[in-house]
Amino acid sequence: MNIAILYGGKTGEHEVSQVSASSVARNINTKKHTVYLISITKEGEWFLQGDAELERIKADAKAILSDAPTGTKVTIVPGAGTAGAICSVKDGKLTTLPCDVVFPVMHGTFGEDGLVQGLLEMAELPYCGPDVMCSAISMDKEKTKLVWDYYGLPVVPYITVRRIDRDDEAAFAAILKKSEKDFEWPVFVKPCRAGSSVGANKAEDRDALIKAIDEALLWDDKVLIEAFIPAREVECSVTGFRDIAVYTPGEIIPSHEFYDYDAKYIDPDGAALRIPADLDESRIREVRDMAVKAFRALDGSGMARIDFFIDKKTGKLYLNELNTIPGFTNISMFPKLCEASGLPYPDLIEKLMQIAIERFKATRMLKTSR
Ligand SMILES: Nc1ncnc2c1ncn2[C@@H]1O[C@H](COP(=O)(O)OP(=O)(O)O)[C@@H](O)[C@H]1O
Ligand SMILES: [Mg+2]
């Protein structure tokens with residue numbers, strides 16, 4: 001197959017995407033498949049990298065794919081059909097790139113929120129990872145909770161704060177009052193549609209809560225106040241389209257107060273991964289079953305990493321969030337959990353490509369005219 005990897009993009013997680021995509025590119029069997037590397041700059045320009053870039057990545061396990069605005073400019077042309085959707089632009093001429101499947105290895109905005117998925121749907125290209133709707137809802141922590149709660153799945157209690165509420169004195173006072181009535185201190189505050197723990201803070205009192213809300217509002221127009229859960233953080237990988245495979249759960253043990261940005265990306269000792277998670281058998285079954293339910297509730301397909309909290313005090317299990325394009329470096333939880341269940345990284349990518357094709361074919365069976 002011809003597989004196009006998209007990486008970078010207009011997102012706060014641009015650099016994380018470069019690292020994830022490097023691992024994906026390295027783990028594709030190039031005897032079987034042809035890999036096209038397409039970098040998207042922070043300004044949103046698309047460049048097809050030359051073959052040398054793939055060679056460079058494969059020769060050095062620590063190398064990171066370049067996001068320099070070099071190579072051949074490419075574009076997606078919806079309406080060109082599957083055979084002609086990705087085109088290179090040279091001297092004003094469009095040339096079609098052969099492409100059977102696209103793997104958007106992009107985290108956060110434009111990549112994980114349904115936008116690039118919508119573009120690929122319009123261009124009639126199969127792609128790895130969840131579809132438009134699952135991506136868009138999962139990006140919004142409030143909407144995700146509404147869906148899960150509707151299906152009877154346990155979510156951490158929360159209050160939504162919109163920018164218009166912050167700007168309205170009476171509405172904001174009512175929110176602070178409700179938070180004090182519903183939750184004990186501390187509470188947790190985070191932007192609704194961000195990732196990598198940016199803008200997330202624990203608040204111990206009213207002043208800290210207001211500060212935390214203002215900080216989170218820098219990242220999003222909508223933020224959540226949640227009950228603070230003194231939690232064990234457990235994560236579970238799933239893949240599939242009609243048949244869902246669920247893998248053994250793992251645990252993140254942050255050395256910081258919570259799993260903040262520094263613990264994720266800066267501090268090398270910021271967190272330990274325990275794979276598999278040290279949980280008894282019935283708990284593991286509960287986590288795996290709930291992961292499948294959570295995925296199905298959002299009409300998930302392709303893949304996801306589903307994150308849970310286990311309250312250390314009460315033992316209660318909560319769903320926290322669903323990541324549609326989880327970290328994909330060789331030390332990332334998502335591929336590691338698949339590996340721990342007997343699916344090595346290269347086979348995982350092969351599987352995700354097959355699922356993309358399977359879903360594409362299935363959705364093409366549906367009628368679009370009478
Ligand atoms: N309600 C909460 N109580 C305690 N810690 C929390 C809560 N919500 C989030 N956290 C901490 O903040 C981290 C990031 O929050 P999360 O909801 O996973 O957002 P992100 O999309 O940024 O990963 C979590 O991994 C956890 O350590
Ligand atoms: Mg998280």
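Biologist: Which residues of α4 are buried?
Modeller: They are Cys-134, Ser-135, Ala-136, Ile-137, Ser-138 and Met-139. A residue is buried if 20 or more other C-beta atoms, placed from the backbone, lie within 10 Å of its own; with 12 or fewer it is exposed, and in between it is partly exposed. This is a predicted model, in which local features need pLDDT of at least 70 and side-chain atom pairs count only at pLDDT 80 or more, while totals for chains, interfaces and linings use all residues. Residues are numbered from 1 along each chain as its sequence is written, and chains are lettered from A and ligands numbered from 1 in the order in which they are written.

Biologist: What do the buried residues of α4 pack against?
Modeller: They pack against α3 (115–122), α5 (141–150) and β17. Contact requires C-beta atoms, placed from the backbone, within 7 Å. Helices (H or I, at least four residues) and strands (E, at least two) are DSSP runs, numbered from the N terminus. Because six of the eight residues of α4 (residues 132–139) are buried, the helix is largely enclosed by the rest of the structure.

Biologist: Turning to ligand 1, which residues come nearest?
Modeller: Of the 18 residues around ligand 1, these are Phe-188, Glu-226, Ile-229, Phe-258 and Tyr-259. To be near, a residue must have its C-beta atom, placed from the backbone, within 6 Å of the molecule.

Biologist: Why does ligand 1 lie between domain 2 and domain 3?
Modeller: Domain 2 (138–154 + 230–364) and domain 3 (158–227) both give residues to its shell, so it lies between them. The domain bounds come from an automatic or database domain assignment.

Biologist: Which strands each supply at least two residues of that shell?
Modeller: They are β9 (187–191), β12 (231–240) and β17 (317–323).

Biologist: Is β9 enclosed or exposed?
Modeller: Five of its five residues are buried, so β9 is largely enclosed by the rest of the structure. Val-187, Val-189 and Pro-191 point one way, and Phe-188 and Lys-190 the other way.

Biologist: Which strands are joined to β9 by bridges?
Modeller: β9 pairs antiparallel with β10 (residues 201–203) over three bridges, and five bridges join it, also antiparallel, to β11 (residues 222–227). Pairing requires at least two DSSP bridges between the strands. Val-189 stands opposite Asn-201 in β10, and Lys-190 has Leu-224 in β11 as its bridge partner.

Biologist: And where does Cys-338 lie?
Modeller: Cys-338 lies in helix α11 (residues 333–340). With 23 C-beta neighbours inside 10 Å, it counts as buried. Its C-alpha atom is separated by 9.1 Å from that of Cys-236, 102 residues apart along the chain.

Notes:
Two residues are in contact if their C-beta atoms, placed from the backbone, lie within 7 Å.
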